[in-house]
Amino acid sequence: MEVAILNHSLKRILLTIACCLILLSIVNSEEDYYELLGVERDATNKEIRRAFKKLALEQHPDKNQDDPDAHSKFVTINKAYEVLKDEELRKKYDLYGEEGLKDDFHGGGRYESWSYYNQEFGIYDEDPEIITLNRAEFEQTVRQSDDIWFINFYSPRCSHCHDLAPAWREVGRELVNVIRIGAVNCQEDWILCRHQGINRYPSLILYSGSTTRPERYTDEKTTKKMVKFALKQVTASVTDLWAANFDMAIHNTETADLPWVITFCSSGLDCLSDTSQKKLAAMLDRLVNIGGVDCDVSDAICERLDVESGTRFYKPGQVQKGKGQPLGSLDAQEAAIEILKLMPDVITLDNDSFEKMREGLRKGEEQSWLLHFMVGNDVDLELRKLPALLEDMNIGRINCSNSRELCRNLHIRHYPSIAVFKSKGGHEIHHGRMTAHDIVNFAKEASASMVEVLSPDDFPDRVITNKDPWFVDFFAPPLKAALCMMGRSREGQAKHVLYHGKSWRMNIHSYPTTVFYNQSVPHFLSGMHQADELVEFAQDTLRPPVIILTSDNFVPLIGDRGDDDMWLVDFYAPWCGPCQDLAPEWRKLAKTMQGIANVAQVDCDRYHSLCTSQNIHSYPTIRLYPPTYTGTSYFKKYPNHWWRNVASFRTWIFQHLPSKTPELSHAEFQKRVLQGQDAWVIDFFTPWCSHCQVFAPEFERAARLGDGVAHFGKVNCDMYSDLCQQAWVRAYPTLRFYKPNIEGKQKNIFGESINSQSAEYIVNYLKQKVGNRRLRDEL
């Protein structure tokens, strides 16, 4: 017996090795998409676009008409671009290679002309002052930020968009560091544009904080007018100084600890314009006070300070004669650089002071620190804004030329780098843009979140041997900041970690890969890395909504099910890509079908003999075991050509359940609904209405959840159009509530509209209307 088992085990091992060799040969035979485009595996979307454009201009068939293989070569390049520009396709490719794309991607064969790539593709990719945005980063970078954003939603095929481009670049240059100037390509990010209500190109929209409604720009698209429109939203102010308010403004206790930059204007002499002063106030907001004096009107002030014209920088408390430092430029951007050079620099830490700082943080004796890691003498003046913008945080700098070992131990690999070291331990590295705006947003989120970087000394011991729940994100910069969002919105849900290094030991093949460790058991997240989905994944792992079937309980639960029990079973394998894609949808289905059907799954790797006995030959295999039957031989198999999402699953399930929502004729509606005593909910629909078809399973679910509270029924408005006209039904589906009739009078045919298609909302609405009243037995 033992020999037989050993032989069987050896055969399985040899078969596994053979399969691995075959897989390796397949992978090796594929052309690597990153190598085709000449980009690193952690390349940003902008870097991928720029690399593809360069190749398109060189290798397009239009430019290589003598090469018979030019078309096939360019199709391969185009396919690589189409995959890598899409976040989900890119992750599947990273995990499974081209094999993982078979079910989801069939593109790449069609491409544009050479002139399109030369003149229309990537309009703003070469403009550093314009930030190109995609759907993955828009929500946090724009909608959840307090920064002012002016964004151009455009299409490369739109001639007006190309006409606008020079002016938009000029707006970007004029307002750099004043507000954020962005661009969204609606041909590639059409979902984002649809969600933002974009129906024409170009559309210019100004976002001024997370709580303010976006404002659409509709005026003439000239640089001057667009800049003027944007500056109206800037809240930073310039103080007009004159004899009556001068001393009060200069000695104001709220601003006394800030330097003053004062522009003195006289007729015929140069000074900063009102617009330049406004820009300067926005660029240096909370860093300096900006003021202006008209020396023709307030000559006493100019005489007192011995200034006739120009701009002066005064240190805090030193707005006095002879104390001002002249500024040489009339340009707001250049003036801002001059001012920053006059501002105090941040603290420089060496090895000893750094260790002392970390010890203080571990003991909770210090506030969080933001550190700038750099080499040589290249100091970024933007960082001098940080002390004023991050008042509750210490700001410092470490020169890695002098502290190489320290920087190496902290895994600082790129310069300059920013990291936040948190009170009571842990640190987090910034992988975004190196502007003061972005660094401040990162620092605030990082200090408030539970995210920390684990070094090889920390992982896996702190996670694997720890019984606490941990979220670990294996990544290669740059990383979308969903985990930071989660740590901020759901503190205490789990510990969150960003870790890089030794990934191969944990079976990590792509980035980001997020793993939830519960009781040291890893659970891999599939799907989008959004904060809400991360939270839901953790909750589902801690309290699984899907029933786990094993060799021991499969027959008792499925084969011996009751007459009212319906079971939906997913037979899967953990290594199967489509199975991993299905997992989040299957968990959502389990939660929506509670009380209606049992949703379960079988791990066919672990329970191979069970799956073999049930004739499971591919993954995932989804079966429905209907009520009123026993045994495991009778089932319905989910159609292969249907989508694997919650809406499609529910439509299929309710086809196999007795309906709780009968169709009513005109006479039945009159007698049972209008003349009856009980409460009713009626769905007025038409068979051809796609929205009605989508709503049908949710209405069935509402009927089951609201059983005993009200009757549920449907009226076919194609068949009974006169009834629907009398009820003033003008759209489909239309949902109406008819309240209980206590006095025996006929009800109003119009009823009350229910303005939601959520089963939970409908049932809660009914309970509020009906109270404790229960249905009587109609029979």
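Pro733 lies in the loop between helix H28 (721-726) and strand S28, where helices (H or I, at least four residues) and strands (E, at least two) are DSSP runs numbered from the N terminus. The peptide bond joining Tyr732 and Pro733 is cis, with omega about -10 degrees. Another cis bond runs from Tyr415 to Pro416, with omega near -5 degrees. Pro416 sits in the loop between helix H17 (404-409) and strand S14 (417-421).

The structure is a predicted model, in which local features need pLDDT of at least 70 and side-chain atom pairs count only at pLDDT 80 or more, while totals for chains, interfaces and linings use all residues. Residues are numbered from 1 along each chain as its sequence is written, and side-chain values use heavy atoms, with hydrogens and water left out.

The chain holds 29 helices and 29 strands. Of its 779 residues, 48% are buried; buried means under 20% relative accessible area, exposed over 50%, and partly exposed in between (1.4 Å probe, protein chains only). Contact means heavy atoms within 4.5 Å. Among contacts between residues at least 6 apart in sequence, 73% join residues at least 24 apart.

Strands S6, S8, S7, S9 and S10 form, in that order, an open sheet of five strands with mixed pairing. Two strands pair if DSSP finds at least two bridges between them. Strand S6 (239-241) and strand S10 (325-327) are the edge strands, each pairing on one side only. From one strand to the next, the twist averages 30 degrees. S6 runs parallel to strand S8 (residues 289-294), and three bridges join them. Leu241 has Val293 in S8 as its bridge partner. Helix H12 (residues 274-283) packs on the sheet, touching strand S7 (260-265) and S8, and its direction makes about 160 degrees with that of S8. Such axes are lines fitted to C-alpha atoms, for helices over the stretch in contact, and the angles run from 0 to 180 degrees between N-to-C directions. Helix H14 (residues 332-342) lies across S7, strand S9 (310-314) and S10, at about 155 degrees to S10.

The loop between H12 and S8 contains Arg286. Arg286 is not a glycine, yet has a positive phi of about 70 degrees; at 44% relative accessibility, this residue counts as partly exposed. Asn615, also not a glycine, has a positive phi of about 60 degrees. Asn615 belongs to the loop between helix H24 (608-613) and strand S24 (621-625) and is exposed, with a relative accessible area of 52%.

Strand S19 (residues 513-518) and strand S20 (residues 521-524) run antiparallel and are joined by four bridges. They form a hairpin with two residues between them, and Gln519 in the turn has a positive phi of about 55 degrees. In S20, Pro522 stands opposite Tyr517.

Helix H27 (residues 690-705) has 16 residues and spans 24 Å from its first C-alpha to its last, close to the expected 22 Å, which is 1.5 Å times one less than the number of residues. H27 bends by about 35 degrees at Ala696, with Pro697 following within four residues; the bend is the angle between axes fitted to the seven residues ending there and the seven starting there. Buried residues of H27 include Cys692, Phe695 and Phe699. Their cover includes helix H23 (577-592), helix H25 (646-654) and strand S26 (680-685).
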